[in-house]
Amino acid sequence: MNDSGERNSSVVKIENGRMGRVAYARIAPNEDLVQGVEKICLAEGFSNAFVRGGLGSLVDAGLGTSDGSFLRVSGPAVEIVSIAGEVRSDADGTPIASLAGIVADTQGRIHGGPFIAGQNPVCVTFEVTLEEWLPDTQ
Amino acid sequence: MLTHAQFNYPRARMLRHPGPFNPVRIQSMRHQSGRHIRLLLAPGLSLYEAVVSALYEANVTSASMTILGGQFRHLQYCVAPPDEQKKTVIAYSPPISAGAAHMIFGNATLGRDIAGAPLVHCHASICDGHGEVRGGHILPGESFIAERPISVLVTALEGFELRQSFDEETSIPMLKPAAETSHE
């Protein structure tokens, strides 16, 4: 099951669609990365979107682990060096971002995993480009 | 309905920056579509020259890029530990030489600096000359592409541009979206 509550038994395996609008945003310090991306979708009116690129820094990173806990990578600053993800809206239209990536700590050592909502405060800035996804069924 | 939740995780930290708090926390602009380009970074050039020369020729001055990985003849990067002078919360470290390195995956942004010149901001994971996987802020003018071109997926931004400006809150210049201006 992913963060938007879709189960394998009911998930549509192929979703045809096309790319729509493009938004670029800068998320300010101390805002949460995951919720920041969700708020960009609210601001720009995107129901579904793909992350097209992003880079910036975090105060500390919170990366999910397979046992249900998360790894705290201490900064500042923890640099986000790779990120991929998408945003899907739930039945109420609330955007939910699922983001994963690679971060570098203050020594340049790298760590990776899913970014846990509420545990990834932006340090100085996070730049992100979102491309709206328009499923044919909607 | 009441549920009991575990509360055994550390609170997310925030940092106090030197300047006045800006109540606008998300600065965002959009356009009806993006223009996609497959760019090949030319061997021998610096990452900066390879990105800027090709994209300016295609009339692209603002873009978001995914660098799909490739070999660099020489690569330099830095990290961002706390500022010892305490003027800002972090400061870039001196350049770290990764030697002949493989960029595993990178993200980069093209915009204009405060003076209006092209600016490339790039973060990437790399495998350095010693085989160690590292990551950080790549120095685009000091990192040179090896013999084989490197593929980049470019989302060219139209309808607005990315411009560096001094950010009062953090006291650090940074890229933000802005209305297009003529630079003729």
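User: Happy to look at this with you! Which strand holds A:A77?

Analyst: In this predicted model, A:A77 is joined to A:P76 by a cis peptide bond. The omega angle there is about -10 degrees. As for its place, A:A77 belongs to chain A and sits in strand β3.

User: Nice. What is omega for the peptide bond from A:G75 to A:P76?

Analyst: A:P76 has its place in strand β3 of chain A. The bond that leads from A:G75 into A:P76 is cis. Its omega is near -10 degrees.

User: Let's turn to helix α1 of chain A. What is its reach from the first C-alpha to the last?

Analyst: Good one to check by hand! The helix runs over residues 33–44, which gives 12 residues. At 1.5 Å a residue, 16 Å would be expected. The value in the model is close to that, at 17 Å.

User: Is A:N30 buried, exposed or partly exposed?

Analyst: A:N30 lies in the loop between β1 and α1 of chain A, and has a positive phi of about 75 degrees although it is not a glycine. Around A:N30 there are 18 other C-beta atoms within 10 Å. Because buried would take 20 or more and exposed 12 or fewer, A:N30 counts as partly exposed.

User: Is B:N59 buried or exposed?

Analyst: B:N59 is in the loop between α1 (47–57) and β3 (63–67) of chain B. This residue is not a glycine either, yet has a positive phi of about 60 degrees. Since 12 or fewer neighbours is the cut-off and B:N59 has 9 other C-beta atoms within 10 Å, B:N59 is exposed.

User: Last one: which residues touch the most other members of the largest nonpolar core?

Analyst: That core has 82 residues. To take one example, B:V120 is in contact with B:L47, B:V51 and B:L110, among others, leaving aside neighbours within four places in sequence. The residues that touch the most other members are A:L33, A:L58, A:V103, B:L47, B:V51 and B:V120.

Definitions and conventions: Residues are numbered from 1 along each chain as its sequence is written. Chains are lettered from A and ligands numbered from 1 in the order in which they are written. This is a predicted model: local features need pLDDT of at least 70, side-chain atom pairs count only at pLDDT 80 or more; totals for chains, interfaces and linings use all residues. A nonpolar core is a set of buried Ala, Val, Leu, Ile, Met, Phe, Trp, Tyr and Cys residues joined through C-beta atoms within 7 Å. Two residues are in contact if their C-beta atoms, placed from the backbone, lie within 7 Å. Helices (H or I, at least four residues) and strands (E, at least two) are DSSP runs, numbered from the N terminus. The expected span of a helix is 1.5 Å times one less than its number of residues.
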